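Open your viewer and get ready to select a few residues. Let's take a short tour together, one stop at a time.

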Amino acid sequence: MRLLKVATCNLNQWAMDFDCNLNNIKESITQAKQAGAVIRLGPELEITGYGCEDHFLELDTINHGWECLKEILVGDWTDGILCSVGMPVIKGSERYNCQVLCFNRKIIMIRPKMWLANDGNYRELRWFTAWKHKDQLVDFQLPSEIAEAVLQQSVPFGYGYLRFLDTAVAAEVCEELFTPIPPHAELALNGVEVFMNASGSHHQLRKLDVRLRAFIGATHTRGGVYMYSNQQGCDGGRLYYDGCSCVVVNGEVVAQGSQFSLRDIEVVTAQVDLDAVASLRGSISSFQEQASYKNTISSVLVPYKLCQPFNMQMSLSSPLKINYHSPEEEIAFGPGCWLWDYLRRSGASGFLLPLSGGADSSSVAAIVGCMCQLVVKEIENGDEQVKADAIRIGNYTDGQFPTDSKEFAKRIFYTVFMGSENSSKDTKKRAKDLADEIGSWHLDVSIDGVVSALLTLFQTLTGKRPRYKVDGGSNIENLGLQNIQARIRMVLAFMLASLLPWVHNKPGFYLVLGSSNVDEGLRGYLTKYDCSSADINPIGSISKQDLRAFLRWAAVHLGYSSLAEIEAAPPTAELEPIRSNYSQLDEVDMGMTYEELSVYGRLRKIFRCGPVSMFKNLCYRWGSRLSPLEVADKVKHFFKYYSINRHKMTVMTPSYHAESYSPEDNRFDLRQFLYNSRWPYQFSKIDELVKELDGEVAFGETSDQDRSRANGVGMGVVAAGSGDPKSGL
């Protein structure tokens with residue numbers, strides 16, 4: 001037997017905080033060595049943090065990386081353990097995303113990334129060059145200070161692997177695993193038995209299975225030990241890196257770290273038998289045949305043994321049942337951990353949330369409540385860093401610290417119900433009940449006086465006073481009156497967030513939390529600079545359907561029973577007066593359901609559909625219940641309001657990224673914000689297809705009754721759609 005103990009890490013790195021990152025790396029190496037591991041793998045770009053973005057273009061960032069690596073090398077950190085450390089490296093005039101392989105205070109090899117992540121949230125080609133010379137290792141001249149410190153002038157640089165006396169080890173960096181021809185395939189044929197994948201992979205709902213299936217597939221048919229390391233936490237942006245470092249042997253997961261955690265450092269170890277890898281490969285005839293005429297890959301000889309022989313004192317790691325979280329748990333724990341990192345690193349003393357009693361703001365409140373529960377639980381588990389952060393943020397004195405989540409919430413969480421004459425007693429009560437269950441410091445504020453003062457000022461200036469639609473006003477008046485309320489709430493929220501801590505003799509300021517969901521952002525069903533405008537938004541990339549499922553889950557599993565009643569209530573903005581024959585409803589205002597919005601969003605972003613291809617797809621999907629004309633109407637209605645309101649995404653609150661059809665325009669969904677909302681060319685193509693399909697007249701010649709029937713709502717809704725509530729136009 002060739003017994004090998006390996007360690008991989010979840011590290012909560014912070015972009016550009018070199019002290020934080022270096023301390024985490026050192027501690028993870030220490031823990032790996034204490035566990036008896038001889039290989040330690042850290043996340044991609046762990047020295048700098050993965051999310052530095054354009055800081056990678058600064059020479060300071062590169063230089064500081066070398067300074068940190070020097071500190072690791074001159075100490076005893078790498079004695080007797082192979083450490084893979086991620087950092088940016090300049091060779092010649094090119095920047096590379098590299099894994100630096102260190103052993104016994106020497107750099108053994110530098111492995112540049114060959115296939116860069118450059119889609120979705122990733123822009124690696126903006127900062128790095130892909131290494132293209134697969135056929136050789138070249139000499140890399142070390143910076144003079146490093147060369148003097150480690151007594152090395154140059155090291156091998158490029159695509160290759162390490163040949164120890166008893167096994168072979170290679171790096172495969174993040175995106176390379178997911179390419180059509182991944183490096184591990186030919187590395188395995190060259191005898192590599194241990195693969196180290198350093199990654200910077202962010203959380204997305206229902207995404208973990210894709211990642212784990214890739215690790216399992218990498219070793220299922222060709223054998224091997226696959227190590228995976230990832231960041232975990234918010235490193236300074238919209239992404240939450242969801243850890244789940246693991247070790248896979250011959251297609252079986254034998255060690256798995258947490259996906260969501262408040263811990264800064266988590267080291268996952270596994271004891272494996274490399275003879276099991278050799279045995280599997282020897283039993284696969286096709287593997288033997290392909291290995292016999294493989295392309296030879298360059299290697300570096302390391303005259304040292306990593307493995308130990310048969311030893312009854314060392315137990316082998318057994319296959320595990322993979323731990324998956326439900327989407328509802330992901331919504332609770334992912335944004336909850338992200339909020340904690342943001343809070344403790346921002347210098348703020350807590351959060352303030354405009355709590356309307358509706359599903360969206362209640363979801364945000366429940367996530368903050370979950371965060372408080374996680375903090376108390378981690379303190380109970382003995383995490384001193386979480387404890388120290390909680391004491392500082394909660395302003396505890398005399399040796400006190402959080403022991404109850406509700407008490408902790410009272411110290412760091414304000415909720416405010418900003419009611420008006422249009423608010424119902426039910427929503428007011430729901431907000432109060434939820435605040436009591438979570439433990440927040442809750443306020444009930446009426447904004448009617450401020451609204452009236454602004455309307456009086458407007459009347460003084462113009463001689464006119466606007467009226468709601470139900471009172472005989474026009475769509476323009478109706479929209480203006482709604483937007484006044486929404487924007488007052490934003491101003492009031494920021495005022496309270498900055499001054500309430502002062503009122504209660506608390507230090508610092510509070511972060512304002514937003515609560516608009518991904519579907520409303522896609523449709524533009526929100527007012528620019530209303531209470532959706534905040535410092536950060538934990539649900540801005542989560543769909544309404546997922547949020548409602550989360551509310552049902554949280555009512556039971558987080559202990560906030562009032563959420564069940566909130567989830568059952570129909571979504572409403574409560575910006576118009578309530579009458580016996582009229583009550584404002586979100587889906588009626590939008591002219592589409594939240595379920596339909598999710599379908600539009602996935603087709604637009606994930607399947608890259610324009611209006612015409614979306615129409616064709618929906619004819620197949622909805623053809624059994626809707627005519628081609630009705631489908632055409634729905635597609636046109638969506639694209640009209642999507643394009644009219646796209647400009648709102650330019651000022652949307654930074655949101656936690658969780659959904660693959662997010663319309664967030666900062667980095668994920670890069671599209672213009674000025675459109676011809678009539679889409680004349682595309683819509684005319686749809687009209688031609690409608691004529692071909694059923695011979696009906698084009699949309700432009702249909703009656704108002706036909707258009708309202710296609711939208712599935714009454715005539716009044718079509719009229720309301722032209723003056724879209726919460727549109728901000």
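The stops below cover a pocket, the cavities, a salt bridge and a charged patch.

Before you start, keep in mind that this is a predicted model.

**Stop 1: the largest pocket.** Which element gives the most to its lining? Colour strand β18 (413–419) to find out: β18 takes that place, with four residues. Helices also supply at least two lining residues each, among them α10 (359–380), α13 (425–438) and α15 (475–503).

**Stop 2: the cavities.** How many cavities of 30 Å³ or more does the structure hold? There are two. For the largest cavity, select Gly540, Met649, Ser655, Ser662 and Glu664, which lie nearest its centre among 17 lining residues. The space inside is about 110 Å³.

**Stop 3: a salt bridge.** Side chains of opposite charge can pair when their charged atoms come close. The structure holds 35 salt bridges, and one of them joins the side chains of Lys113 and Glu44, at 2.7 Å from N to O. Lys113 sits in the loop between β5 (106–112) and α3 (124–127), while Glu44 is in the loop between β2 (39–41) and α2, so this pair ties together parts 69 residues apart in sequence.

**Stop 4: a negative patch.** Finally, show the surface and select Glu58, Asp60, Glu67, Glu145 and Glu148, which form a negative surface patch. Helices α2 (59–74) and α4 (144–150) each supply at least two of its residues. Where is Glu145? Look in helix α4.

Conventions
Residues numbered from 1 in each chain as written. Predicted model: local features only at pLDDT ≥ 70, side-chain atom pairs only at ≥ 80, totals over all residues. Heavy atoms only, no water. Patch = residues over 30% accessible without salt bridge, like charges linked within 9 Å, V, L, I, M, F, W, Y side chains within 5 Å. Areas by Shrake-Rupley, 256 points an atom, 1.4 Å probe, with all protein chains shown as cover. Salt bridge = Lys/Arg side-chain N within 4 Å of Asp/Glu carboxyl O. Lys, Arg positive; Asp, Glu negative; His and termini not counted. Charge placed at Lys NZ, Arg CZ, Asp CG, Glu CD. 1 Å grid on protein atoms, 1.4 Å probe; cavity = no way out; pocket = protein on both sides within 12 Å on 5 of 7 lines; lining within 4 Å. Points joined across faces, edges and corners; volume = space filled by probe spheres on them.
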